[in-house]
Amino acid sequence: MPILEVEHIQKSFGKTEVLKDISFSLEKGQVLSLIGSSGSGKTTLLRCLNFLERPDGGVIRVNGETLFDARDLATQKQAQIRRKRLHFGLVFQSFNLFPQYTARENIMLAKKLLMQEQPDFKQRKKEIFREIEAEADELLRQMGLSDRRDNYPHQLSGGQCQRVAIARALALKPDILCFDEPTSALDPELTGEVLKVIKGLALQKTTMIIVTHEMAFARDVSSQVIFMDEGQILEQGEPEQVFNHPKEERTKQFLSHFTEG
């Protein structure tokens with residue numbers, strides 16, 4: 001059974017149709033890269049998967065559970081949105097760290113708030129917080145940031161901030177980790193350190209969806225690639241097929257333009 005099933009997702013803003021009948025599936029441990037020109041609908045698709053936007057049509061399932069069905073109002077209750085978001089970790093292009101918290105505190109914050117809803121929280125508060133702190137320290141170690149745990153975002157480089165953001169997304173142990181152009185806000189010299197972390201996660205079989213313009217990176221780490229154009233999936237397949245033997249003329253034009261640029 002696929003970990004993620006997306007069927008016939010549609011989304012419009014006013015009269016502008018941004019997503020047109022988007023369908024795909026993803027197996028556990030796979031990496032899916034979404035490529036295409038700006039405005040092709042890639043970010044909107046991620047936002048729909050994370051329930052930051054509500055699709056106008058279609059179905060989203062994770063591990064066989066229907067999280068959203070446009071025909072079923074019971075799946076669209078606002079009170080359930082936060083629980084559904086836990087299936088997806090989202091790393092934004094602009095970091096979105098809280099400036100008043102240290103790197104470690106940024107990683108711990110969501111988990112702390114979530115654990116306060118546990119029935120035994122008051123009795124186990126100190127123990128629970130120690131566990132969260134230990135998990136945050138381990139994530140910082142994995143990101144190569146152990147020596148930066150008490151630094152605030154303004155004391156970190158862009159690459160370090162993005163690595164903290166990745167650790168924060170991993171802290172809640174999502175089924176699927178999503179990246180929206182994770183290197184677009186970085187200077188070229190800092191891009192490599194973030195891509196190295198993501199490649200490491202791919203080697204660990206972390207299930208990921210990545211919106212990216214880093215074509216060499218997408219070719220190297222992806223299990224499958226989707227090329228989107230004007231809100232549609234124009235081409236989908238393994239990296240070898242999409243990058244080296246594209247079937248659609250628009251795909252060829254996009255990749256040629258990118259190479260030339």
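The following questions and answers go through a predicted model of one protein chain.

Me: How many helices and strands does the chain have?
Reply: The chain has 261 residues, and 50% of them are buried. Its secondary structure comes to 9 helices and 10 strands.

Me: What radius of gyration does the chain have, and what would a compact globule have?
Reply: The C-alpha trace spans about 60 × 50 × 35 Å along its principal axes. For 261 residues, a compact globule would have a radius of gyration near 18 Å. The value for the chain agrees with this, at 19 Å.

Me: What share of the contacts with a separation of 6 or more joins residues 24 or more positions apart?
Reply: Thr206 and Leu177 illustrate such a pair, being in contact and 29 residues apart in sequence. Across the chain, among contacts with a separation of 6 or more, the share from residues 24 or more positions apart is 65%.

Me: What part of the accessible surface belongs to carbon and sulfur atoms?
Reply: The accessible surface of the chain comes to about 13,100 Å². The part belonging to carbon and sulfur atoms is 48%.

Me: How far apart are the mean positions of the positive and negative charges?
Reply: The chain carries 35 positive and 37 negative charges.

Me: Which element supplies the largest share of the largest nonpolar core?
Reply: The largest nonpolar core has 40 residues, and Ile107, Ile166, Leu177, Phe179, Ile198, Leu201 and Met208 touch the most other members. At least two residues of this core come from each of α3, α4, α5, β7, α6, β8 and α7. The largest share, 8 residues, comes from α5.

Me: Which residues does Leu201 contact beyond its neighbours within four places in sequence?
Reply: Leu201 belongs to the largest nonpolar core and is among the residues that touch the most other members. With neighbours within four places in sequence set aside, its contacts are Ile166, Leu170, Leu177, Phe179, Thr206 and Met208.

Me: How many residues make up the second, separate core?
Reply: This second core includes Leu32, Leu45, Ile176 and Met228. Of these, Leu45 is also one of the buried residues of α1. The second core holds 28 residues.

Me: Why is helix α1 described as largely enclosed by the rest of the structure?
Reply: Helix α1 covers residues 42-49, and its buried residues are Lys42, Thr44, Leu45, Leu46, Cys48 and Leu49. The helix is largely enclosed because the buried residues number 6 of the 8.

Me: Which residue with a positive phi follows α1?
Reply: Most residues other than glycine have a negative phi. After α1 comes a residue with phi near 60°, namely Phe51.

Me: What is the relative accessibility of Thr251?
Reply: Thr251 lies in helix α9, residues 249-260. Not counting residues up to four places away in sequence, it touches Phe227, Glu235, Val242 and Pro246. Thr251 counts as buried, with a relative accessibility of 0%.

Me: Where is His8, and what is its phi?
Reply: His8 is partly exposed, with a relative accessible area of 45%. Its place is in strand β1, residues 4-13. His8 is not a glycine, yet its phi is positive, near 55°.

Me: What is the phi of Glu181?
Reply: Glu181 is found in the loop between β7 and α6. At 11% relative accessibility, this residue counts as buried. Although Glu181 is not a glycine, its phi is positive, about 50°.

Me: How far is Arg148 from Glu5, C-alpha to C-alpha?
Reply: Arg148 lies in the loop between α4 and α5 and counts as partly exposed at 29% relative accessibility. Leaving aside neighbours within four places in sequence, it is in contact with Ala103, Gln155, Leu156 and Gln160. Glu5 is 143 residues from Arg148 along the chain, and their C-alpha atoms are separated by 38 Å.

How values were computed:
Residues numbered from 1 in each chain as written. Predicted model: local features only at pLDDT ≥ 70, side-chain atom pairs only at ≥ 80, totals over all residues. Heavy atoms only, no water. Buried < 20%, exposed > 50% of the residue type's maximum accessible area, 1.4 Å probe, protein only. Helix = DSSP H or I, 4+ residues; strand = E, 2+ residues; numbered from the N terminus. Core = buried A, V, L, I, M, F, W, Y, C linked by side-chain atoms within 4.5 Å. Contact = heavy atoms within 4.5 Å. Rg over C-alpha atoms; globule rule 2.2 N^0.38 Å. Areas by Shrake-Rupley, 256 points an atom, 1.4 Å probe, with all protein chains shown as cover. Lys, Arg positive; Asp, Glu negative; His and termini not counted. Charge placed at Lys NZ, Arg CZ, Asp CG, Glu CD.
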